[in-house]
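Here is a short briefing to read alongside the sequence and the 3D view. Keep the structure open as you go through the points.

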Amino acid sequence: ANVPGFTVNSFLSFYVEIAILTLMQRTTLMQLEEELGAVISKKSKHKLEDIQEDYIKFNTQFLLREISAKPQAIELYALLKKHLYIDVHKNEIENQVNTCHELEIAKDNKARTTILSVLSLLGVVGVIDNVWDWLDITNFEALLSCEKLQWLKPFVNLEWFSRLFPPILSV
């Protein structure tokens, strides 16, 4: 075949660049996997965020869907990605990062729920204290004899109430 040498060299250098790109992708993915494993074992939230940021940068800049319009280059790239397990490593990293992110969200929600429960309890205690001060209850039986509160009598056991709040009823 009468193909000029520069054409063959051009194709060869392009294919070598494709191979170098896929090897760099695999190496970077394996490095991210290793870092992610170390972060998961140490449970470091800040490092996880750094790895997420690195992965997003890598994914947008180096994990290319298609590197050329040439069918031979597309086939070679797909073949190298398949045999170097690039998509498998990419999916594993995404799953691990998503799982860690979900765990962090769950931990944050649990902490938030605990704080809100404590604040709610303090609010209820404060409301009860203010109601007692506002009503200035010194004689609960007299309070129940009030015409507007007659509906409460069947529901209130005065013996139980006197045991629960002896200082109020003893005055």
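Let's begin with R65, which is exposed because its relative accessible area of 78% is over the 50% cut-off. R65 lies in the loop between α2 (45-61) and α3. Please bear in mind that this is a predicted model.

**Around R65**
- From C-alpha to C-alpha, R65 and A78 are 9.1 Å apart in space, and 13 residues separate them in sequence.

**Confidence**
- The protein chain has an average pLDDT of 78, and 70% of the residues score at least 70.
- Within the protein chain, confidence is highest in helix α3 (residues 71-83), at a mean of 90.
- Helix α7 (residues 166-170) is where confidence is lowest, at a mean of 50.

**Salt bridges**
- How many salt bridges does the count come to? The count comes to 2.
- One of them joins K57 to E53, with the closest N and O atoms 3.4 Å apart.
- K57 and E53 are 4 residues apart in helix α2, so about one helical turn separates them.
- K57 is partly exposed, at 43% relative accessibility, and E53 is also partly exposed, with a relative accessible area of 43%.
- K81 and D87 meet through their side chains in a salt bridge, at 3.7 Å from N to O.
- Is K81 buried or exposed? K81 is buried, because its relative accessible area of 15% is under the 20% cut-off.

**Aromatic rings**
- Searching the whole structure turns up 2 aromatic pairs.
- Among them is the pair of F14 and Y15, which is tilted: the centres are 6.2 Å apart and the planes make an angle of 50°.
- F14 is partly exposed, at 23% relative accessibility, and Y15 is partly exposed at 24%.
- F14 also has a charge over its ring: the charged end of K70 sits there, 5.1 Å from the ring centre.

**A nonpolar surface patch**
- Which residues form the nonpolar patch on the surface? They are I115, L116, V118, L119 and L122, and together they have about 500 Å² of accessible area.
- L119 has its place in helix α4 (residues 86-135).
- L119 counts as exposed, because its relative accessible area is 51% and the cut-off is over 50%.

Terms used: Residues are numbered from 1 along each chain as its sequence is written. This is a predicted model: local features need pLDDT of at least 70, side-chain atom pairs count only at pLDDT 80 or more; totals for chains, interfaces and linings use all residues. Side-chain values use heavy atoms; hydrogens and water are left out. Patches are made of residues with over 30% relative accessible area and no salt bridge: like charges are joined within 9 Å, nonpolar side chains (Val, Leu, Ile, Met, Phe, Trp, Tyr) within 5 Å. Accessible areas come from the Shrake-Rupley method with a 1.4 Å probe; for residues, only the protein chains shown count as cover. A salt bridge is a side-chain nitrogen of Lys or Arg within 4 Å of a carboxyl oxygen of Asp or Glu. Helices (H or I, at least four residues) and strands (E, at least two) are DSSP runs, numbered from the N terminus. Buried means under 20% relative accessible area, exposed over 50%, partly exposed in between (1.4 Å probe, protein chains only). pLDDT is the predictor's confidence in each residue, from 0 to 100. Rings of Phe, Tyr and Trp (its six-membered ring) pair if their centres lie within 6.5 Å; planes under 30 degrees apart count as stacked, over 60 as edge-to-face and the rest as tilted. A charge sits over a ring if NZ of Lys or CZ of Arg is within 6 Å of the ring centre and within 35 degrees of the ring normal.
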